[in-house]
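Visitor: I'm new to reading protein structures. Could you walk me through a few features?
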Amino acid sequence: MNEATGQSGHTSALAEAPTPGGLPKAKSGRPASLWSDAWADLRRKPIFLISCGIIAVLVLMAMWPSLFSSVDPFNARTCELATARQLPSAGHPFGRDNLGCDLYARTIYGAANSLVIGISTTIFAALIGGLLGLVAGFFGGATDTVASRVTEIFFAIPSILGALLIGSTFRDSGLGIWLVVISLTVLGWPMTFRIMRAAVITAKSQDFVVAARALGAGPGRIMFRHLLPNALAPVIVVATINLGGFIAAEAALSYLGVGVQPPEISWGLMIADAQRRFLEAPLPLIFPAVFLSITVLAFIMLGDAVRDALDPKLR
Amino acid sequence: MKKTSADVLPVEGVYGDEPLLAVDDLHVEFRTRAGIVRAVNGVSYTVNPGETLAVLGESGSGKSVTAQAIMGILDMPPAHIPHGEIRFKGTDLLKLSEEARTQVRGQRIAMIFQDALSALNPVFTVGWQISEMFRVHRGMSKADAMKKAVELMDRVRIPAARQRVNDYPHQFSGGMRQRIMIAMSIALDPEVLIADEPTTALDVTVQAQIMDLLADLQRESQMGLILITHDLGVVADVADKIAVMYAGRIVERASVHDIYRAPAHPYTKGLLESIPRVDLKGQDLYAIKGLPPNLLELPTGCAFHPRCPYRQDNCVTDVPPLYQISGTRGSACHYWREVLDGER
């Protein structure tokens, strides 16, 4: 019997050792996880590097705008009505806006509000929607029904109308930009919920979840160790893409007057101000709009790269 | 030594004359909109330490549902267990709380699945998944658990285990994946291992290796092994006894030797005759006539009667009990004597 055993071990080594996928042996020896492998993958991706570079510059702009511009746009004395809509000149690379303020400085300082609102809304919406979606998808039944109906109620609110309503109702609450974050979160989480719930339901019916149960995993472990990582990729992708969407929505709300309020600076506000004189002076609208587009694009590209990296099967 | 969760398992009770695992008159039904699907209708079998029971039957015969009922991984609802007991060392698992059953799963009774690729979590490395068993149930540190994972991969004869421990399931071949699944299932030294068609998704040469591996592991650890299959060829070398299932019932129960020598149920006989044989090369392969029964509307009397060459009038009306032929051998056929004698 021993001989037969030895033999079967031997033949199996011969027959199965050289699997095609077994090539990346170089990375053995360290505990590889989904995330560290995804990171190794991302580091080599030009799209990821470019989008990260853009986002890094934007973050720098948001945190230390004075690094980029020596003009302080919050100082009213830097604005001169007489020079309104001046074309780019030395010291004022983007020219001046309708009130004669330095357009470059204002564009730089506008990054902070856009990023803070975009990132916080994305985090809150992903947390609320993701957690609810995970629970609803995992437990199903009545839990799912209740959560799904509640989500549909929120889905039914037209987002601009809803945000206008929340924004104008609580205009005097003193929450500032956080009011924008709250109203966008309230209207944005159902998207994450749906995607998370669908991804969890798909993952739940897969054999490895049944196998995990059969090998003694409890409900918490199945939810967070088996379902969540397998359902996370679409949520992260949608969250990053939504981040761009939230930044754009902030601009829309500010444009409509219920978002960021002056004297705060935001790209949406700048676009709203510039729009009235667009035909005679297009630059005050074009510069913030280009910054807005590049920011939104950077996050969408990031989302795309992250999705590719998080799916081991695409590697 | 650190006190492990295995010491505080809820399954105690009398375990003297009781078999290691006993399924006793188990009924499982699925309540669907189309009606009640009676998937398992009074199945009884036992497994003892070191013993291999092969449960044989075609798709829909209830063999997998019985196994899932033992594991407690049936979705209830729609599944219901209106009647029956599953006793592990004398304790009825069906009466345990969900937490207690979770303790039993994986540590005392483990299961391996047909398709190892889909049974492994695609986003974690195989080493992570094997070592998770030790981290969760034995409270080991990451490094120790990883070491144990490599040991286990060696034990299931995965070549270059140390190099491959950080690979993902999709980077392995089918046979290697099944070995990983086996490694996970034996990680906590379960007393009963259920293998649900472990070799169906594999090619023939690899099938034999996996069966050898299971047989060796069982010899080493004296597990009770329940081997679920529809392939008579797979069980011949490995199994001690066989239970043949049809339409949610056991229709024949015998030792491997007896069944191959002389089947006592027309269905078993049909299964044996439908194995391709070298000495009958060129002839048409025998196939059991008709289709598996519709579980929503089981035939009256003996469920096999519409397809049975031995059918008599009373087969349509009377449900045959499991007639005792000798010792533990039984056949649920009114005419088992004729079948046994080979008369047709």
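Visitor: At what angle do helix 10 and helix 11 of chain A pack, and how far apart are their axes?

Guide: Keep in mind that this is a predicted model. Helix 10 of chain A (residues 267-275) packs against helix 11 of chain A (residues 283-310) at an angle of about 150°, and their axes lie 8 Å apart. Angles over 145 degrees count as roughly antiparallel, so helix 10 of chain A is roughly antiparallel to helix 11 of chain A.

Visitor: Is their crossing left-handed or right-handed?

Guide: Helix 10 and helix 11 of chain A cross in a left-handed way.

Visitor: Zooming out, how many helices and strands does chain A have?

Guide: Chain A has 11 helices and 0 strands. Read from the N terminus, its elements go α-α-α-α-α-α-α-α-α-α-α. As for what is tucked away, buried residues account for 46% of the 315 residues in chain A.

Visitor: And the surface? Which elements give two or more residues to the nonpolar patch?

Guide: The patch has about 840 Å² of accessible area together, and among its residues are A:Val116, A:Phe124, A:Ile128 and A:Trp178. Helix 4 (103-139) and helix 7 (177-204) of chain A each give two or more residues. Helix 4 of chain A gives the most, with 7 residues.

Visitor: Take A:Ile128. Why is A:Ile128 called partly exposed?

Guide: This residue is in helix 4 of chain A. Partly exposed covers the range between under 20% (buried) and over 50% (exposed). A:Ile128 has a relative accessible area of 39%, so A:Ile128 is partly exposed.

Notes. Residues are numbered from 1 along each chain as its sequence is written. Chains are lettered from A and ligands numbered from 1 in the order in which they are written. This is a predicted model: local features need pLDDT of at least 70, side-chain atom pairs count only at pLDDT 80 or more; totals for chains, interfaces and linings use all residues. Side-chain values use heavy atoms; hydrogens and water are left out. Patches are made of residues with over 30% relative accessible area and no salt bridge: like charges are joined within 9 Å, nonpolar side chains (Val, Leu, Ile, Met, Phe, Trp, Tyr) within 5 Å. Accessible areas come from the Shrake-Rupley method with a 1.4 Å probe; for residues, only the protein chains shown count as cover. A salt bridge is a side-chain nitrogen of Lys or Arg within 4 Å of a carboxyl oxygen of Asp or Glu. Helices (H or I, at least four residues) and strands (E, at least two) are DSSP runs, numbered from the N terminus. Buried means under 20% relative accessible area, exposed over 50%, partly exposed in between (1.4 Å probe, protein chains only). Axes are lines fitted to C-alpha atoms, for helices over the stretch in contact, and angles run from 0 to 180 degrees between N-to-C directions. Angles under 35 degrees count as roughly parallel, over 145 as roughly antiparallel, 65 to 115 as roughly perpendicular and the rest as oblique. A crossing is left-handed if the near helix is turned anticlockwise from the far one by less than a right angle, and right-handed if clockwise.
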